[in-house]
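Here are my notes on the two-chain model we talked about going through together.

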Amino acid sequence: MLSFISYLTSGLSLGSIYALIALGYTMVYGIAKMLNFAHGDIIMVGGYAAFIAMSTSWCPVWLALIISVTVCTVLGVVIEKVAYRPLRSAPPLAVLITAIGVSYLLQNIALLTQTATPKTFKSVAAGAPPFMIVYEGEPPLFFTRLSDSPYKNLTPALTVSMETFLSITVSIVIMVGLTLFINKTKAGKAMLACAEDRGAAQLMGINVNGTISLTFAIGSALAAVAAVLMCSAYPQLTPYTGSMPGIRAFVAAVFGGIGSIPGAMIGGILLGIIELLSKAYISSQISDAILFLVLIVVLIIRPTGIMGKKINEKV
Amino acid sequence: MRKQTKNNLITFSGTAVLCFLMAGLSTAGVLDNKTTGLLVPMGIYIILAISLNLTVGILGELSLGHAGFMCIGAYVSGAFSLIFQNTISPVWLRFALAVIFGGIMAAVFGVLIGIPVLRLRGDYLAIVTLGFGEIMKSIANNVYLTMDKNGLHFGFTVPPTNVDEATKQELLKGPIGMAAPQDTNVWIVAVVLLICLAVLMLFIDSRSGRACMAVRDNYIAAQSVGINVTKYRLMAFTLSAAIAGVAGGLYSHSLSLLAAKKFDYNLSILILVFVVLGGLGSLRGSIIATIILYALPELFLRGAGNLRMLLYAIVLVFMMLWTNAPFFIALREKIAASKPVMKLKSVFRRDKSDKSAGGAA
C-alpha cells in the first residue's frame, strides 16, 4: 500500500510537470491553431539557462530560475515573431514544418555550444530535508532529515522528496494563478476571445498580434519553470532532454482535449500517474507503448479528448 | 494522350533512367564507395516518401507514424529471412517472399490501425499516428525470438528461457536488434522503387485515387455525392502502409545490424519533410526533394560535421518562409518584375504560336 502511494506521489509530481508543459502546447494551439513542435526544445533551453546560471558561484537558485524564465520567455516571443507570425495565413503543414525546423535549430545550437555530453543538473532543493518520511506503523514526519529522525536505524517505508513536494506545489500555484489570470484579467479574456474567433476579436479592438505574443511568452515561461523542476528531479541534461517530455506533454494536451486549459492540467497529471504506475507494475521498457495505447483508446472513445469541445462541421 | 498520363510517363521514365544509370555506374565501379553506399538508403527513402505522399498529399491526412509501418515491414521480413535462411534455397525467392510478407503484414496493421484512427481527423489523427509509431518502436525494441531444434521461442521484454542451448540461434535480440542477411543491392532497390512508383501512379490516377482526392478537397461534398469516404480513406492508408512495409523489408536487409530505435518519430518527421518540401500530392516532387535533401548534405556538407544539421534546420525554416511569408512573396514578385530578370525571361520566352502547335494533341 505504501509503495503504491509512493508511486502515486512520484506520478503526481511528474504529471504536474507534464501539465505545465502541456499548458504551453494547449494555449498556443488554442490561439494560434498550430502544433508548436519547438516547445519541447524550449524546455531544454530553459534547463541549460538555469544550469549555466547555477554553475557560477554567485548565482542563487531563485535568480537562476528568474534567468531561465526570462531567457525562455524572450526566446518564445522571438521565435513567434520571426518564424510563426509571417506564416499566419499559410497552410497548417507549412507552419508545422517550420516548427520542426525551429526545433532542430534549437537542438543543434545546443549541441554546438554545449556538446552532447550530459550535464548533471544540481537540484534546486539540494541539501533540503525530504518533505515527508513515513516509517511502518508510525505517524509521518515532515521536513526531517533522515539523520535527525528518531527511528534512524529503521528503513523508511515511504519517502517523499523535497523535489516531489516542490513540483506539485509550484504547479498547483501556477495553475490556479493561470486560471485566475485567464478568467479575471482583461489580457486573459482577450486570449479567450482570440481563441474563439480571431477575426471577431480583432474587430472588437483586441490587439491580436500582442495577444498571441503574450500567449507564447506565458507558455515559454511555464516551460522554463517545468524545465527547472524536471531537471531537479531527473538531473540529466542533454540537447535532447526536451524532446521526449515535450512529446509526452503534447500527448497530455491532446489527451485532455487540445485547446482546453483544464484539459491540459488533467491530461498532464493523469499521464504522469499512468507512466509511473505502468513503469512500476507492468514494465519500464514498454511504459511509452502503454502511454500511447491509453491515448489511442481515449481518442477512439472521445475523439476530441477528455475536455475537448465537439465541433459540428457546417456545410 | 491525357496530360496526367503524359506527366506520369515523364516521371516514371525519368526515375527509371536515373535509377538504372546510378545502379549501372555503381556496379561498373565508376562511383566511389561513399556515393554507392548512399544509393540504397536513398532509394528506400524515396519509396517511403512517395508512399507517405499518398497519405499526406492525396488523402490529405497528416501522418506522423510512417516509421511505424516501416518498422513492421523491417522486422517481419527480417525475421522471415532469418527463420527460412536454410529452408528456402534460392536466395532471391526467400528475399522476395520476405519483402512481400513484410509488406502484407504492414498492410494488415494499416487496416487494423486505420479502422479506429481514420475516425479522427486533422491534428488528432496526426498525434495518434505518432503514438502508433512510438508503440511499434517500443514493442520491436522488446521482442526476442530464438530458434532451436524444437522450433521458435518467443519472449517479450525478456529473452525466452526454455531453449536448447546447443542448437539455439538468436534471431531477434530485443534492444540489440537483428542481423538479417544483407541481400539488398542497388538493382533490387531500383526495381522495387519503380514497381512502387508505378503502383502509386496507377492508384492515384484511378477512380479510387480521384475519390481520395475528392475526400481531401471536401469531405462533406464527397460524402454527399455518394463516395464511400471510409472505404477510400482506408484503402489509401493501407496501400501507403504496405509500401512503407516493403521499404522496411529492403531496409532491414541492407544493414548488418538493425535496432528498433532507428524507427523513432524523427524518421517519420524526416520523411514528412521530404514530402512537404517536394510538394504535396506530387510524386515527382517527393522523389526530387528526397534526392536533394538526402544526398546533397551527405555529399557536400560532410566536412561541416555538426554544422550540417544546423544548416539543414535553417534551410528548412527559410524555405517555408520563402514560399509562404508575405514579405518574401512580395520580394519575389519585385525580383521577377525587375529589369535584368525580365530581360533574361525574354531570352527564354517562346512564341505563342509555337506553344499552341505543340500542345494541340
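1. Domain bounds here come from an automatic or database domain assignment. For chain B that assignment gives domain 1 (3-300) and domain 2 (307-348). Taken over C-alpha atoms, the centres of domain 1 of chain B and domain 2 of chain B are separated by 33 Å.

2. A word on conventions before going further. This is a predicted model, in which local features need pLDDT of at least 70 and side-chain atom pairs count only at pLDDT 80 or more, while totals for chains, interfaces and linings use all residues. Residues are numbered from 1 along each chain as its sequence is written, and chains are lettered from A and ligands numbered from 1 in the order in which they are written.

3. Chain A, overall. It has 11 helices and five strands, where helices (H or I, at least four residues) and strands (E, at least two) are DSSP runs numbered from the N terminus. The radius of gyration of chain A, 20 Å, agrees with the value near 20 Å that a compact globule of 315 residues would have; the radius is taken over C-alpha atoms, and the globule rule is 2.2 Å times the number of residues to the power 0.38. Along the principal axes, the C-alpha atoms of chain A fill a box of roughly 70 × 50 × 40 Å. Of the 315 residues in chain A, 51% are buried (20 or more other C-beta atoms within 10 Å of a residue's own; exposed means 12 or fewer, partly exposed in between, with C-beta atoms placed from the backbone).

4. Chain B, overall. This chain has 15 helices and three strands. Its radius of gyration is 23 Å, close to the 21 Å from the globule rule for 361 residues, so chain B is as compact as a globular protein of that length. The box filled by the C-alpha atoms of chain B, along the principal axes, is roughly 80 × 55 × 40 Å. Buried residues account for 43% of the 361 residues in chain B.

5. How do the two chains meet? In chain A, 36 residues are in contact with 33 residues of chain B, a contact being two C-beta atoms, placed from the backbone, that lie within 7 Å. On the chain A side, α4 (92-114), α9 (243-256) and α11 (287-301) each supply at least two residues. The largest share, 13 residues, comes from α4(A). That side of chain A divides into 29 nonpolar, five polar and two charged residues; Ala, Val, Leu, Ile, Met, Phe, Trp, Tyr, Cys and Pro count as nonpolar, Asp, Glu, Lys and Arg as charged, and the others, Gly among them, as polar.

6. Domains of chain A. The assignment gives domain 1 (2-124 + 161-301) and domain 2 (126-159), with centres 33 Å apart over C-alpha atoms. Nine residues from domain 1 of chain A and nine residues from domain 2 of chain A take part in the contact. On the domain 1 side, α1 (2-32) and α5 of chain A each supply at least two residues. The residues of that side are four nonpolar, four polar and one charged.

7. In chain A, an open sheet of three strands has the order β3-β2-β4, with antiparallel pairing; strands pair if DSSP finds at least two bridges between them. β3 (141-142) and β4 (158-160) of chain A stand at the edges, each with a single partner strand, so one side of each has no neighbour in the sheet. Strand β2 (residues 132-134) of chain A is joined to β4(A) by three bridges, and A:Ile133 has A:Thr159 as its bridge partner in β4(A).

8. Which residues have the most contacts inside the largest nonpolar core? They are A:Ala226, A:Val251 and B:Ile47, in a core of 204 residues. Such a core is a set of buried Ala, Val, Leu, Ile, Met, Phe, Trp, Tyr and Cys residues joined through C-beta atoms within 7 Å. Helix α8 (residues 208-233) of chain A gives the most to this core, 15 residues. Not counting residues up to four places away in sequence, A:Ala226 touches A:Ile17, A:Leu20, A:Ile21 and A:Ile43.

9. Finally, A:Ser167, which lies in helix α5 (residues 162-184) of chain A. Is A:Ser167 buried or exposed? It counts as buried because it has 29 C-beta neighbours inside 10 Å. Leaving aside neighbours within four places in sequence, A:Ser167 is in contact with A:Ser13, A:Ser16, A:Ile17, A:Leu229 and A:Ala233.
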